[in-house]
Amino acid sequence: MGYILVILAAYLLGSSNMALYISKIKKVDARAGGSGNLGASNAAILMGWGAGVTVAVHDIGKSALAVILARIVFPELPFIGTVAGVASVLGHIFPFYLKFRGGKGFASYLGMTLALNWKLALVVMALVLVVTLITDYIVMGTTLTIVSVPVYMGIAEHSLLLALMLCIASLVIIYKHRMNYVRIWKGTEIGLRSVAKGKHRVR
């Protein structure tokens, strides 16, 4: 019963979508432009860096909070933090009130990682920044994170089950980014430097 309660609560918390709230205020249809998803990177592309940072902080915070609260309320349940984190990430990606069309889950995944292992999260964030700046594509840093976190956590905790639970979120995120990979291959993906210069921004 504890696992069920945590999954439901974490999913609902994860389904909160700041990109949607800001897009309503700015009267911008975030699902009709850029990458077409309700996440931090598309918020930055369509509504500017301020919106993108606000969405990212919200998405990171809600998943971190889900992990922390689950551990506080049910400290006796094995892997309860991971269960809560994965449920929160899936809630962000598949919010029921938006016909299961939310963001792509990367910021929420970072938030989960931050609460599960903050040292790993800091290393991953640094690597994401470096890889993104080198390649000019946020999705490359995303891919590095969602592949490395399950591997490291599984080895560090000596648990295949833990790694597999994290892989659920990782595989869904990879699937949600499939068109980014296609656009990179075709040379049509919006790069970080274009966003920084204000291109593609909706005014």
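Biologist: Which residues form a nonpolar patch on the surface?

Modeller: Keep in mind this is a predicted model. The patch is made by Leu 12, Tyr 21, Phe 96, Tyr 97 and Phe 100. Together they have about 520 Å² of accessible area.

Biologist: Where does Tyr 97 sit?

Modeller: Tyr 97 is in the loop between α5 and α6.

Biologist: And how exposed is Tyr 97?

Modeller: Its relative accessible area is 36%, so Tyr 97 counts as partly exposed, as that class lies between 20% and 50%.

Biologist: What about Gly 103, buried or exposed?

Modeller: Gly 103 is buried, because its relative accessibility is 0% and the cut-off for buried is under 20%. Gly 103 is also in a loop, the one between α5 (80-93) and α6 (106-116).

Biologist: Which residues is Gly 103 in contact with, leaving aside neighbours within four places in sequence?

Modeller: Asn 17, Asn 37, Leu 38, Gly 39, His 92, Ile 93 and Lys 176. There's also a C-alpha separation of 9.4 Å between Gly 103 and Ile 173, and those two are 70 residues apart along the chain.

Biologist: OK, zooming out. How many helices and strands are there?

Modeller: The protein has 11 helices and zero strands.

Biologist: How much of the protein is buried?

Modeller: 49% of the 203 residues. The accessible surface comes to about 10300 Å², with 72% of that on carbon and sulfur atoms.

Biologist: And what share of the contacts joins residues at least 24 apart?

Modeller: 69%, counting contacts between residues at least 6 apart in sequence.

Terms used
Residues are numbered from 1 along each chain as its sequence is written. This is a predicted model: local features need pLDDT of at least 70, side-chain atom pairs count only at pLDDT 80 or more; totals for chains, interfaces and linings use all residues. Side-chain values use heavy atoms; hydrogens and water are left out. Helices (H or I, at least four residues) and strands (E, at least two) are DSSP runs, numbered from the N terminus. Buried means under 20% relative accessible area, exposed over 50%, partly exposed in between (1.4 Å probe, protein chains only). Contact means heavy atoms within 4.5 Å. Accessible areas come from the Shrake-Rupley method with a 1.4 Å probe; for residues, only the protein chains shown count as cover. Patches are made of residues with over 30% relative accessible area and no salt bridge: like charges are joined within 9 Å, nonpolar side chains (Val, Leu, Ile, Met, Phe, Trp, Tyr) within 5 Å. A salt bridge is a side-chain nitrogen of Lys or Arg within 4 Å of a carboxyl oxygen of Asp or Glu.
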